[in-house]
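Open the model in your viewer and keep the selection tool at hand. The tour goes from stop to stop, with something to select at each.

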Amino acid sequence: MVRLVAFLVGVFFSGMLLLGLGDTVITAIKEPAVPTAEHDFYEKPLAVSFAHDGPLGKFDRGQLQRGLKVYSEVCAACHGLSLVSFRNFADLGYSEDEVKAIAKGWKTEVPTINPETGEPATRPAIPADRIPSPFANEVAARAANNNALPPDLSLITKARADGPAYVYSLLLGYREQVGYKNAEGKELLKEFPEAATPPGLNFNPWFATLNIAMAQPISADDQVTYDDGTKATQEQMAKDVSAFLTWTAEPKLENRKSAGWAALGFLIIFTGLAWMSYKTIWAGKKH
Amino acid sequence: MATVKDTTGTPKAPRKATAKAAAGNDAPVMNGVPMETATKDGEGVRRRDFIHIATVSFAGVGAAAVAVPLVSQMSASADVLALASIEVDVAAIQPGQSIKTSWRKQPVFIRNLTPEEIAEANKVAAGGLRDPQTLAERTQPGKENWLITLGVCTHLGCVPLGAAAGEVKGEYGGYFCPCHGSHYDTAGRIRKGPAPTNLVVPEFAFISDTIVKIG
Amino acid sequence: MSFPWAQQYKPQSTVMQWVDERLPLPRLVYNAVGAGYPVPRNLNYFWNFGVLAGVALVIQIVTGIVLAMHYYASIDGAFNSVEHIMRDVNAGWFLRYAHMNGASFFFIVVYIHIFRGLFYGSYKAPREMIWLLGVTIFLLMMATAFMGYVLPWGQMSFWGAQVITGFFSAIPLVGEPLRQWLLGGFAPDQAALNRFFSLHYLMPFVIAGVIILHVWALHIPGSSNPTGVSVKGEQDTVPFHPYYTAKDGFGLGIFLIAFVVVTFFAPNLLGHPDNYIPANPLSTPAHIVPEWYFLPFYAILKAFTVDFAIPFTGIILVPAKLMGVLAMFGSILLLFFLPWLDTSPVRSGHYRPLFRKFFWFGLIPCLVVLTYVGAQPPYTQWVVLSQLGAAYYFAHFLIILPIISRIERPLPLPNSITEAVTGKPLQTEAVAETPLRPAVA
């Protein structure tokens, strides 16, 4: 009885699936999938390497400081970094006083209330504060940005596949759309005339929909003046800020890797000992 | 450890038996009684025991290492520690008034003592007190009118009365803890009741004439 | 029950004797995982995975309890509380990554444990009850893992909750009310998050309870073994301790090495980037996928594309959506009937030439394909593959297994475990391992 019912259920499910298979194939032949501009012209992130890559990688403190400078002078006007506190900048190699100075000098102040009147007010930041958001709320952010919401950048490199390379590619990915050809030599507007970027958006093949609301943020060399004398090329700035945003998303990266090596070393010795123990106990016992 | 030691005898017996059987050695030794063979093969037993002991000890060390994060996660996190100091503007506090503020999630009393209160506090011989301290020891030089203490009774942690206007100040004009009846004087010293020590004075410093940094 | 030659517990100290007389817990442990449990001597490394699954559960419970000290189940605070754990709590990043990847490793271990059972016929008499309890544990694990994935309240958490509870709305009549009852609202929100947290905390202890039953049921007939031949005598077994405690210790080391490599060097490898975006009820991610361990079932769900209807009338008997949901639950529930679907008296796949072919060249590739296409967007080639894979999955268990059990001619079985191990006929070896060995030598 069990087997009979099972057989019938099996025939039913498998049969319906095979029917569906036929249906899928017929549909695919009758109405072949229409190619889309996003599918054909989206570019995977560029290959880029960082000091913190790999199991032994460590952050390049100088690069993180340069990245902070790019963030604070370029990105921070629109993008928040709400999960990071000023005190965390000590990890970038700044002293306590430098951190205080950065907090105090931050362009956006921390919202508070006037202790006398209770009216909304702002005050300079202190190290314990989170980085204040450039906009009071989502509505304000959208109103100031043509109804687009600039995402918070704290976790951006973990919230995108291949995050650091994604940020780097996106920053450098702005192209003139007219006459744009991909690596295969296909011209976008010839293949998809309707894919012309709508007004208010910007063409960028490293963005999933090819059209991004953000205007090109890094547009010229020396847009930022680095304190350490590094030449601020566009690639350098994009790379530095990607490294910085890797740190904001994963501040414990170095602790994680060093703890990992300690755990691994310990476990290899333990496993070796356990193996010897196992072999000793089973010695002579055929199994 | 005892179990490891005991059990090693059992498995090693067959090995010895097999090895000797393969070598075609004399039969009488291989009587198949594990413990007996184990004791005869002293050197081997010690080496094997060492491996088992090392393995088990290593596992124990590993377990202890894993316990560290499991325990330390309960201590104060980085954001809590970051709030360890606050700055308070005391300009608006008139003599005789006090305010309550919060430092490390604990109440802090900031009191602007009147000259009479200072005089009363200095009148008492500190040596005779339960927790001998003078007012000068509990305030900053030149700022003796600013009494800054934790608002936490040193008995069992209630918040004493006396900081807000209209509250009972106790028999010595300072603070009074209603939970178990501890009386503090105008220097925040314990004078009567069960509390063992004076109200705690946190680390503080005036960074300007009117701004005090606590912690 | 145990074998008559099982070693008897003897207290090592007067204290233990005192305890044992009043609460025979030491005796229980001794007989369960100590020297008092005789186990077939020929178990291979696939038999390590039961103990490893237990270890994985312990890792999850321990890390989970400490994470719950910092997590708050609030739709506004959950995401930030997880990030607070990652950034500010002492060693919080380690605990969170260990818990997150621990779930994946729990499933890896349990899947290998299940495949061990499937290949070696561990579900057959007299071990059906162990199998039934095992499938129950698997179902509870899936529910627990799903609810745990919702807790960080990221985009995948939210939309996963939306989609999975959406399954219930496929049920005719009661579906939508049932879904609203489960969520405590019209969409995943505070009520859903709170109850998921409560149940996510509770379920591991329920799992632990069922595991106790699972192990209890195991100790009635004793462990199975790669030959599938029953234990015939003392020469076929060794005491669990120290033989298998030592082997499991080594296996544990290997398991932990793999776990550490992923947890410390690629902690987000098995996760989805979208779950680092806070939940947004107004915007669906481009591509919703469940955690990898649900992918085969998700592929089965998506594979049903046509309604079951009476031809030319337009009367739909079972809509495709409902069929997908039924099939997805059915694909797990059918495992409950496995002991009665596979009627071959031979347990081990080693001695079943036909079964073995279907196992290695049918079932395993089918599941690999389903796992892969489960994560793919609905392009024609992936839909076709998922339909082929799902069709084979049901055919394998419901049609092929019962048939091959009847027509297959198994290979000759060894007379005993010892014979299989030593290659010698039973008699000689049986004597060789008794104290009478000198006579033979």
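**Stop 1: a sheet in chain B**

Start in chain B and select strands S2, S3 and S4. They form an open sheet of three strands, ordered S2-S3-S4, with antiparallel pairing. This is a predicted model, so read each stop as a description of a prediction. Now pick out the edges of the sheet. Strand S2 (98-103) and strand S4 (146-150) of chain B each have a single partner strand, so one side of each is left without a neighbour in the sheet. Look along the strands next. Neighbours in this sheet are turned by 20° against each other on average, direction ignored.

Zoom in on strand S3 (residues 106-112) of chain B. Five bridges join S3(B) to S4(B), and the two run antiparallel. For a landmark, select B:Val108, which stands opposite B:Leu150 in S4(B).

**Stop 2: another sheet in chain B**

Select S1, S9 and S8 of chain B. Here is an open sheet of three strands in the order S1-S9-S8, with antiparallel pairing. Which strands are at the edges? They are strand S1 (86-89) and strand S8 (204-206) of chain B, each pairing on one side only.

Now show S1(B) together with strand S9 (residues 211-214) of chain B. The two pair in the antiparallel sense over four bridges. Click B:Val88 and look across: B:Val212 in S9(B) stands opposite.

**Stop 3: chain B as a whole**

Zoom out and select all of chain B. How many helices and strands does chain B have? There are six helices and nine strands. Of the 215 residues in chain B, 26% are buried. Take the contacts in chain B between residues at least 6 apart in sequence: 50% of them join residues at least 24 apart.

**Stop 4: two helices in chain C**

Move to chain C. Select helix H3 (residues 49-68) and helix H5 (residues 92-119) of chain C. Their axes come within 9 Å and cross at roughly 160°. That angle makes H3(C) roughly antiparallel to H5(C). The crossing of H3(C) past H5(C) is left-handed. Colour the residues of this contact by class.

**Stop 5: where chain A touches chain C**

Show chains A and C together. Across this contact, 49 residues of chain A meet 52 residues of chain C. Stay on the chain A side. The elements giving two or more residues to it are helix H1 (2-30) and helix H9 (253-282) of chain A. Which of them gives the most? H1(A) does, with 19 residues. Colour this side of chain A by class: it has 32 nonpolar, eight polar and nine charged residues.

**Stop 6: one residue in chain A**

Finish with A:Asp129. Find it in the loop between strand S2 (120-123) and helix H5 (138-144) of chain A. A:Asp129 has 17 C-beta neighbours inside 10 Å, so it counts as partly exposed. Which residues does A:Asp129 touch, not counting those up to four places away in sequence? Select A:Ser85, A:Phe86, A:Ala103 and A:Val110 to show these contacts, with residues up to four places away in sequence left out. Last, draw a distance from A:Asp129 to A:Asn88. The two lie 41 residues apart along the chain, and their C-alpha atoms are separated by 9.9 Å.

Key. Residues are numbered from 1 along each chain as its sequence is written. Chains are lettered from A and ligands numbered from 1 in the order in which they are written. This is a predicted model: local features need pLDDT of at least 70, side-chain atom pairs count only at pLDDT 80 or more; totals for chains, interfaces and linings use all residues. Axes are lines fitted to C-alpha atoms, for helices over the stretch in contact, and angles run from 0 to 180 degrees between N-to-C directions. Angles under 35 degrees count as roughly parallel, over 145 as roughly antiparallel, 65 to 115 as roughly perpendicular and the rest as oblique. A crossing is left-handed if the near helix is turned anticlockwise from the far one by less than a right angle, and right-handed if clockwise. Two residues are in contact if their C-beta atoms, placed from the backbone, lie within 7 Å. Ala, Val, Leu, Ile, Met, Phe, Trp, Tyr, Cys and Pro count as nonpolar, Asp, Glu, Lys and Arg as charged, and the others, Gly among them, as polar. Two strands pair if DSSP finds at least two bridges between them. A residue is buried if 20 or more other C-beta atoms lie within 10 Å of its own, exposed if 12 or fewer, and partly exposed in between; C-beta atoms are placed from the backbone.
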